[in-house]
Amino acid sequence: MTEHVVIVGGGTGGTVLANDLADRLDPELDAGDVRITLVNDGPDHVYKPVWLYVPFGQREPDDGRRPLDELVGDAVDLRIDRVTEIDTEAQRLQFDGTAPSVGYDYLVLATGSTLEPEQIPGLADGGHDYYSESGSTALRDELLGFTEGHLVLSVISSPHMCPAAPLEFVFMADDWFRERGLRDEVDITYTYPIQRVHGNPQIAEWARPIMDERDIEAETFFNAEAVDPDSETLVSMEGTELDYDLLVTIPPHGGIDLIEEAGLGDDGWVDVDKHTLEAEAAENVYALGDTADTGVPNAGSVAHYQAGVVGQRLASEIRGRPATATYDGKTLCFIETGMHAASFVEFDYENQPSPAPPSEKLHWSKLAYNESYWLTARGLL
């Protein structure tokens with residue numbers, strides 16, 4: 001009997017896992033004992049960290065896009081379709097349209113995050129973001145014509161994709177305006193919803209002095225409640241009101257409805273064991289990346305490391321062996337501190353981050369990783 005592994009989501013986690021499994025289970029695939037299917041709702045794989053650089057003219061959106069069929073090995077069945085229902089009892093998936101349902105023996109959900117600006121009145125019309133392709137290009141056009149005034153970067157809520165990216169943006173914007181001789185004409189304010197500038201206390205403690213040194217104002221415990229595009233004001237639940245000339249936001253994030261409808265977790269996130277990444281509410285179901293509710297925000301590297309753990313566990317289960325691989329929370333993250341310098345952090349569930357001193361070398365290391373990412377997605381790194 002052929003065992004069928006279905007991976008839903010062709011982002012970093014899903015693509016790395018598909019190639020990882022194809023390599024680990026090569027003998028079983030050749031013998032017809034295993035089948036691997038990767039389902040994605042579009043033909044392209046998108047590397048979202050590229051969008052941070054688009055507003056500053058450093059990258060084009062197409063630099064972060066590749067056809068999935070060029071990244072996934074031939075041993076993987078690639079299906080471009082949308083899953084509309086998950087039946088964890090029958091272990092079947094329903095697809096959009098009239099396509100027949102498909103059974104699975106093991107299911108991995110790597111469906112990522114969606115932006116939900118509509119949660120905040122006025123945000124969709126009054127704010128810009130760089131967490132989407134269209135948002136990053138629109139923000140680029142705004143920045144090019146922005147020569148004076150008040151730029152506000154507001155983190156609306158957490159968790160969100162790439163927890164360091166809001167800090168990176170204000171650090172890069174500060175440097176970018178300085179290089180153009182405009183910094184004295186531009187005020188920059190950064191808001192965060194808790195009583196520090198980042199969710200991780202060690203990163204917050206490192207970042208705040210840099211912000212103070214560069215005259216980047218910080219409004220903490222600022223939970224945005226509404227945006228008034230006409231008067232160009234941002235209002236918080238705490239009663240603080242900020243006037244802006246250019247508003248950049250990290251919109252609220254959500255998962256996908258079918259996860260909650262399947263009883264796998266609230267708000268579109270799968271409740272998992274944070275070490276095994278197994279779903280708590282269903283057997284033979286895993287989740288990784290943003291989809292996995294491990295209790296901590298996820299950087300992009302998390303999905304990569306989690307994919308390796310899930311790949312090992314699935315290979316063991318398929319071969320009838322105990323699944324012993326576990327995820328320890330390993331995270332690597334470069335943090336841009338300007339246009340030509342970056343820091344670096346490494347941490348896990350037990351060890352807290354200690355950001356490295358910013359340097360040009362680390363900046364180029366981040367750019368090099370962005371270029372080599374496509375080898376990672378192919379399973380070559």
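**View 1. The start of helix α5 in the predicted model.** A side-chain oxygen of Ser-132 comes to within 3.0 Å of the backbone nitrogen of Gly-135. This contact sits at the start of α5. The helix itself takes in residues 133-144. At 1.5 Å a residue, its twelve residues should span 16 Å. The end C-alpha atoms lie 17 Å apart, which agrees.

View 2. An α-helix has 3.6 residues a turn, so residues three or four places apart point the same way.

**View 3. Arg-140 in helix α5.** Arg-140 has a relative accessible area of 18%. Buried means under 20%, so Arg-140 counts as buried. Leaving out residues up to four places away in sequence, Arg-140 touches Val-54, Pro-55, Arg-59 and Glu-60.

**View 4. The hairpin of β14 and β15.** Strands β14 (residues 224-228) and β15 (residues 233-236) pair antiparallel over four bridges. Val-227 has Leu-234 in β15 as its bridge partner. Four residues lie between the strands. In the turn, Glu-232 has a positive phi of about 55°.

**View 5. The hairpin of β15 and β16.** β15 and β16 (residues 241-243) run antiparallel, joined by three bridges. Val-235 stands opposite Glu-241 in β16. Four residues separate the strands, and Gly-239 takes a positive phi near 100°.

Conventions. Residues are numbered from 1 along each chain as its sequence is written. This is a predicted model: local features need pLDDT of at least 70, side-chain atom pairs count only at pLDDT 80 or more; totals for chains, interfaces and linings use all residues. Side-chain values use heavy atoms; hydrogens and water are left out. Helices (H or I, at least four residues) and strands (E, at least two) are DSSP runs, numbered from the N terminus. The expected span of a helix is 1.5 Å times one less than its number of residues. A polar contact is a pair of N or O atoms within 3.5 Å; within protein, one must be able to donate a hydrogen and the other to accept it, and residues adjacent in sequence count only if both atoms are side-chain atoms. Buried means under 20% relative accessible area, exposed over 50%, partly exposed in between (1.4 Å probe, protein chains only). Contact means heavy atoms within 4.5 Å. Two strands pair if DSSP finds at least two bridges between them.
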